[in-house]
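Reader: I'd like to learn how to read the aromatic rings and the helix around them in a model like this. Can you walk me through it?

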Amino acid sequence: MHFSPYVLVGLGGAIGSVLRWMISIRLDDSLGSLPLGREGFAWPTLIVNILGCLAIGFIAGHRKHSLDVWHFWVVGVLGGFTTFSTFMMETSWQIQAQNWPYTILYVLGTFGACYAATAYALKKSEQRSNR
């Protein structure tokens, strides 16, 4: 069965956004003793971005999927799930507050960990696809 890409992206985006929100709320609750968001280090956003990069690496590495799978999972779910715009807003807040240690750690940690997660997942999924 073939679905409209608009439907797939829209449904996936709704699911991804709700998942991101649920994870952020859960992490804010469980990491409540740590400074988060505008006040300190944005752990929920960092963790969601790493998970999203890991997931997109695995999906992109499996080249034997349909365009429907790509529209739903990559453009929809992961597009709604990952939070680069949130990352940029939180980085801007840290810069405005001149909170340099958190800013540097957050930016380098996000790029380094997300790159590593994506590269790892791509390599692993390409190895599986070649079997």
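Predicted model: local features only at pLDDT ≥ 70, side-chain atom pairs only at ≥ 80, totals over all residues.

Reader: How many aromatic pairs does the structure hold?

Author: There are 5 aromatic pairs. One of them joins Phe 84 and Phe 87, with 5.2 Å between the ring centres and 40 degrees between the planes, which makes it tilted. Both residues sit in helix α4, 3 residues apart, or about one turn of the helix.

Reader: And what describes a pair of rings in general?

Author: You need the distance of the centres and the angle of the planes.

Reader: Is Phe 87 buried or exposed?

Author: Phe 87 is buried, at 1% relative accessibility.

Reader: Okay, now the helix. Why do residues three or four places apart point the same way?

Author: An α-helix has 3.6 residues a turn, so residues three or four places apart point the same way. Now try that on α4, which covers residues 84-96: its 13 residues reach 18 Å from the first C-alpha to the last, close to the 18 Å expected. The buried residues in α4 are Phe 87, Glu 90, Thr 91 and Gln 94. Looking down the axis of α4, you find its buried residues within an arc of 105 degrees, so they line one face of the helix. Ser 85 and Gln 96, on the other side, are exposed.

Reader: What covers the buried residues of α4?

Author: The cover includes α2 (43-61) and α5 (100-129). For a closer look at α5, pick Tyr 106, which is found in that helix. At 2% relative accessibility, Tyr 106 is buried. Leaving out residues up to four places away in sequence, Tyr 106 touches Phe 41, Ala 42, Thr 45, Leu 46, Phe 87, Glu 90 and Thr 91.

Reader: Which side chain does Tyr 106 join through a polar contact?

Author: That would be Glu 90, and the polar contact is 2.9 Å.

Reader: What does Thr 91 touch, leaving aside its neighbours within four places in sequence?

Author: Thr 91 is in contact with Thr 103, Tyr 106 and Val 107. Thr 91 itself is in helix α4, and at 7% relative accessibility it counts as buried.

Reader: Which residue with a positive phi follows α4?

Author: Look for Gln 98 there, with phi near 55 degrees.

Key:
Residues numbered from 1 in each chain as written. Heavy atoms only, no water. Helix = DSSP H or I, 4+ residues; strand = E, 2+ residues; numbered from the N terminus. Expected span 1.5 Å × (residues − 1). Buried < 20%, exposed > 50% of the residue type's maximum accessible area, 1.4 Å probe, protein only. Arc of directions from axis to C-beta. Contact = heavy atoms within 4.5 Å. Polar contact = N/O pair within 3.5 Å; in protein donor to acceptor, adjacent residues only side chain to side chain. Phe/Tyr/Trp six-rings, centres within 6.5 Å; stacked < 30°, edge-to-face > 60°.
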